[in-house]
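This report describes selected features of the structure shown below. Please keep the sequence and the three-dimensional view at hand while reading.

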Amino acid sequence: MTQRRAPLRAPDKLVFLLSLVPYLIEQQVVTVAEAAAHFGSTDDQIRDAVRLIAMSGLPGDTGTYQSNDLFDIDWDAFEEHDEIVIVHHVAIDEAPRLAAREAAALIAGLQYLAALPENADSSALASLMAKLRAGASATPSGLAIAEPAADSSLALIRQAITGGRQLEFDYLNARGEAGRRRSDPLRIVSQDADWYLQAYCHTREDVRNFRVDRMSELEVLDLPVGDHGDLDVPETLFQGSSSDLDVVVDVAAEALPLLADYLADSSTQEVDGRLRVTLRLAHVHGLKRLVAGLPGLVTVVAPADARQVVAEWAASGLQGYDDVSVP
Amino acid sequence: MKIPVEDRLFSLVLALLATETGLLKAEILSTVRGYAERYDPHGGNANLERQFERDKDEVRELGIPLETVESPDRPGDNQALRYRIPKGQYDLPDEVRFTPDELALLALAGEVWRGASLSEDSRRALTKIRGLGIEPREPVIGYAPRLRVRDAAFEPLRSALDRRQRVRFAYLKPGETAPRERRVDPYAVVLHEGRWHLHGRDIDADGLRTFLLSRIVGKVDVVAGATFAPPAEGVQDRILAELDELRLSNVADLAVTAGSDAEVRLGKRAVLGDEDAGVIRLHYTDVAVFADELAAYGPEVRVLNPAGLRDAVRDRLRLVAEAHAQTTEGTR
């Protein structure tokens, strides 16, 4: 899987240089490709950094950079064999401490991962967090995440994925249709508090996203999964398709980020103090739940039947409270 | 030739690490690469001095302990200040070493954040840790965990938290009709039940308060010059425990329709359930937040009690029904 890399800013490049030096010293001899793989960078980023390091050093007592005060590398090995050997180093030989906010970010990330079945042993996670705190140059700032409620299905899904086994389960889709599905599980994807299984669905003969909290009666089968190396597994959970429904809504500005997954395009228009935007959804069943869950913040403008579906959804909910009259 | 910024910063860090006694600003500007080329020995280095001030901040933001040492002979004299980075406080301590399994887990933790300063901070931390040269176990496969921060107030609050700066914002408390300005010393920002909360000292109320970030209206501003002492260590864990206690003290009984989305999804979170009667019991933290969630289920769920939650859901459904009924009313 290729990842897009944002161009590095100067502070990131500095961190990279300060981290690359102790790594190169420790390795003694390492190829550019190995170093790039270790840091998840490109070969050229490593080469540029090595050239810069090789010409850096200390101003020394005389205030001029003398060769003994500079880093030095084996230039022949570097130029001819793409190998990095530091033959002289100055000032640094160890990895730098973490900034308090850097440690805080990783600790909070780990807290989010506490829901994974692998992390059922919370003492291992706690000791890892303690190491991050010890490795920070100041007390990590007060950022924390409550362990999200772990869905017991995750452990079974995980077992199927790591074992390469097919998985069968009852599934209730957003349209309210229930059925038994047989799938080749590919990976577990989460978005905030929601967990999904991306799987090749034998019933639909295509890759589908299943909400883990809509799955029940899971069973790991004795059947191996097929080879899906050629399948295009989408990076994002929400994919538009030609059968999608475009809906125009008015949304309060502060609620717009909550609709980000559904925006059909980036255009907004101000109407009576609200923003008019177009959403793209798979069907009206998703729409009515979305709009009813943001009461007073989102109003459907068009099409009329979508508006009607939302009105009926809310009205029939209201009927459950017999002490009120339905508008 | 212009020296790239990272080259100047790298040279600065090397020079300050190598000095025991510290370097004077004039020494740094006149000798360190990136400054020296532009240094004028006859004075008038104001631009260069400002550059150095910004670089110092930048280096410190990365967790590098750049120190200022006053001259014992000339206390208070800025020109006599010396700068250094004590190596003992720069190096990652020896006891901080990670196992290949831990590294794989850290890499996954770094993947969690999407956007925001958190992903940048995670990336830098991982780069530093990779400097240790430990080869991770093969990456944890089969997971793509993602956590987004969608509250606009998050970034300014996190930054204020870090710098221990007082903030000011308009806050709309549920039940109040207009937002009211609050001044707060931010102590912790925590995610609980899918919502970000700010905990801190409310200056006007003179007490500890917890706020929902989603109810902050408009911008969060820093109150210039007002900083505060660090809060007790672990305040974030304490506030999470408090929120959890609050959650456990709130109990709702819900009637759910058999075979519905509400039954399947809410049922998974139920602490008690009577399947025959179609009634489940759940805990919740905040009436308004939980009522929003329940309203989304429309007719699939009905609140039996408490009355406050029941009213809140009913009001929300009525709001949605009314907002969408107006134009179609005449055609019915």
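## A helix pair in chain B

In this predicted model, helices α10(B) and α11(B) cross with a right-handed sense. Helix α10 spans residues 287–296 of chain B and helix α11 spans residues 307–325 of chain B; the two pack at an angle of about 50°, and their axes are 9 Å apart. Angles from 65 to 115 degrees count as roughly perpendicular and those under 35 as roughly parallel, and α10(B) and α11(B) are therefore oblique to each other.

On the side of α10(B), the contact is formed by Val287(B), Ala288(B), Phe290(B), Ala291(B), Asp292(B), Leu294(B) and Ala295(B). These meet Gly308(B), Leu309(B), Ala312(B), Val313(B), Arg316(B), Leu317(B) and Val320(B) in α11(B). By class, the contact of α10(B) with α11(B) comprises 11 nonpolar residues, one polar residue and two charged residues.

## Domains and a sheet in chain A

The domain assignment divides chain A into domain 1 (10–88), domain 2 (98–150), domain 3 (153–224) and domain 4 (245–319). Taken over C-alpha atoms, the centres of domain 1 and domain 4 of chain A are separated by 55 Å.

Chain A also holds an open sheet of four strands in the order β12-β13-β11-β14, with antiparallel pairing. Strands β12 (269–271) and β14 (298–302) of chain A stand at the edges; each has a single partner strand, so one side of each is without a neighbour in the sheet. From one strand to the next, the twist averages 45°. Within this sheet, strand β11 (residues 245–251) of chain A pairs with strand β13 (residues 274–281) of chain A in the antiparallel sense, over seven bridges. Asp246(A), for example, has Arg280(A) as its bridge partner in β13(A). Helix α9 (residues 304–319) of chain A packs on the sheet and touches β11 and β14 of chain A. The direction of α9 makes about 145° with that of β14(A).

## The contact between the chains

How many residues does each chain bring to the contact? Chain A contributes 99 residues, and chain B contributes 99 residues. On the side of chain B that touches chain A, 49 residues are nonpolar, 18 are polar and 32 are charged.

Strand pairing also links the two chains: strand β5 (residues 143–145) of chain A and strand β8 (residues 180–192) of chain B pair in the parallel sense over three bridges. Leu143(A) has Val189(B) as its bridge partner in β8(B).

Methods
Residues numbered from 1 in each chain as written. Chains lettered and ligands numbered in written order. Predicted model: local features only at pLDDT ≥ 70, side-chain atom pairs only at ≥ 80, totals over all residues. Contact = placed C-beta atoms within 7 Å. Nonpolar A, V, L, I, M, F, W, Y, C, P; charged D, E, K, R; others polar. Pairing = 2+ DSSP bridges. Axes fitted to C-alpha atoms, helices over the stretch in contact; angles between N-to-C directions. Parallel < 35°, antiparallel > 145°, perpendicular 65-115°, else oblique. Left-handed = near helix turned anticlockwise from the far one by under 90°. Domains from an automatic or database assignment.
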